[in-house]
Amino acid sequence: MIEAKNLSLIYKDGTHGIKDVNLLIPQGELVYVTGTSGSGKTSFIKLLLGIEKPSSGSLDVIGYSMNNISSTKLQSLRQLIGPVFQDFKLLNGRSVYDNVLVGLRFLDYSDEKMHELSLNAMEKVGLSHKVHSPVENLSYGERQRVAIARAVARSPRLIIADEPTGNLDKKNALIVLDLLKSFQSNETSVIITTHAVALIEDEKNAMHILVEDTKMSVRDRYGK
Amino acid sequence: MANRKNNIPYFIKEAAVIVKGDISSNTMSVISLSFIFFILTILFSITINLQTLITDLKEQAEISVFYEENTDLDTLKTKLQSIAGVRNITFINQENAKKEMVETLGEDSKIIDLFEYNPFSPYLEVNIELEKLSEVVNEIKDTKNVTYIRDNKEILLKLENIMSLISVFGIFILLAVSITTVFVTSHLIRQGIYINREAIGTLKLLGAPSKFIFFPYLLNGLFMTLFAGILSIGLTFVTVSYAFKMLLSTISFIKLSPFNEHMVVLAGFAILLSIVLGILGSAIGIKSTSPKIK
């Protein structure tokens, strides 16, 4: 699913995003990427989404080599990923429904199927009652759930949530983590980045990646 | 791109959202463009009507030949008929000469009633081949008993000169209008893309193809120029109908293009031009900005 070999990212200004990373994430895995702010979590996410390209080493995501990936292939890869951004990146001026549907419109679905998938996703995140509300009228938590619904509606192979617990209290953070975990399946991997280690340290059924000073150490679900 | 057809209502809705996002710039651009299109359609209208007038005058390639009193008409007609380039000759007596003038002047013909006698002279109406106008006129001039020849040669030449001047001027205006429209449209689209750069970035991260992302911007430009084109048709309609009324009441015998057909042609011209320039301007705006949005 995801394989990195000696992967490094150096930004144009010379700062290191991540350094010499080696890891293998199998399909259907739940992965927590933890570390303090600026440790390299977001750099890793940027590489997975093709926002940045590897400076050295190699990275394969769902069978796509991210080294010199073409824009057409990157587009195809991104269609297999359900991203939940830290700032949600919702389309203002549109309803909850429109925001969820927009991620499906360019995929090979009929109108009926798109409608059904959107409604299902909104139901799963508990937003069935806000379908036609403009997203700018929603609370922080609700906006986050719209972002999650948009990510999962397309049944992605990989869900990437960047700091979904960032601005939440412990209770709500756990609710969001549980919600994201519920989308993990044999076909769908879930990668969650968070700096709130305390929230996930008891999570045995997941792979943990600790990012410290741009370096990654991996502990799989068996504690290895 | 899948669901291209199904997405049309979405694209239109998105185009509307883009317009709402920068309503003042869009409104000002539509107003400016409608005036630009208005100038062009008026120029086009003038060209069409001049062309109509010239064609009409050419079709009426007749000269009126006046002669001395007591001339033997049969002999004169035979002489004229033998000149190369003369098609046929019709005798117009005094009464018919008056009738023709009454028909030509229309309502203004009342002025003729002021005369206590018929002021018109009989003449021969000579239908000729236009290309041989000069030769025919010269030969008729030298014919015995001919006192005066009335022809449209000078008017035709002047009109044709004006016509070629307008054509050259028109090409420059068309070029200027096209460049201005493309520039205004592409600038507005670039501005729209810049304002919505975050939304565009999000769609890219979701894997949306460029055609899907930027089609609403193309529609935005197209709708803007199309709306400006429709507004210009309204302005042109008012102006041309007023001009037609003015011209026909002042110079009643002037031959103008039939109003309804003329307006259809002008509307078609404005619409076609606005569509082509709208698409072109939008495409340039998209092409120059889209790669910069990550």
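Q: How many helices and strands make up the secondary structure of chain B?
A: Keep in mind that this is a predicted model. Reading chain B from the N terminus, the elements go α-α-β-α-β-α-β-α-β-α-α-α-α. That comes to nine helices and four strands.

Q: What is the radius of gyration of chain B?
A: The globule rule gives 19 Å for 294 residues, and chain B is well over that, so it is more spread out than a compact globule. Along its principal axes, the C-alpha trace spans about 100 × 40 × 30 Å. The radius of gyration itself is 30 Å.

Q: What share of the 294 residues in chain B is buried?
A: To count as buried, a residue needs under 20% relative accessible area. Chain B has an accessible surface of about 16,400 Å², with 64% of that belonging to carbon and sulfur atoms. Of the 294 residues, the buried share is 44%.

Q: How far apart do the centres of the positive and negative side chains of chain B lie?
A: Chain B carries 26 positive side chains and 27 negative ones.

Q: Which side chain of opposite charge is nearest to B:Glu125?
A: B:Glu125 sits in strand S3, residues 123-128. Away from its neighbours within four places in sequence, its contacts include B:Glu62, B:Asn88 and B:Glu100. A salt bridge needs a distance within 4 Å, and buried B:Glu125 has none. At 7.1 Å away, the nearest side chain of opposite charge is B:Arg150.

Definitions and conventions:
Residues are numbered from 1 along each chain as its sequence is written. Chains are lettered from A and ligands numbered from 1 in the order in which they are written. This is a predicted model: local features need pLDDT of at least 70, side-chain atom pairs count only at pLDDT 80 or more; totals for chains, interfaces and linings use all residues. Side-chain values use heavy atoms; hydrogens and water are left out. Helices (H or I, at least four residues) and strands (E, at least two) are DSSP runs, numbered from the N terminus. The radius of gyration is taken over C-alpha atoms; the globule rule is 2.2 Å times the number of residues to the power 0.38. Buried means under 20% relative accessible area, exposed over 50%, partly exposed in between (1.4 Å probe, protein chains only). Accessible areas come from the Shrake-Rupley method with a 1.4 Å probe; for residues, only the protein chains shown count as cover. Lys and Arg count as positive and Asp and Glu as negative; His and the chain ends are not counted. The place of a charge is taken as NZ of Lys, CZ of Arg, CG of Asp or CD of Glu. Contact means heavy atoms within 4.5 Å.
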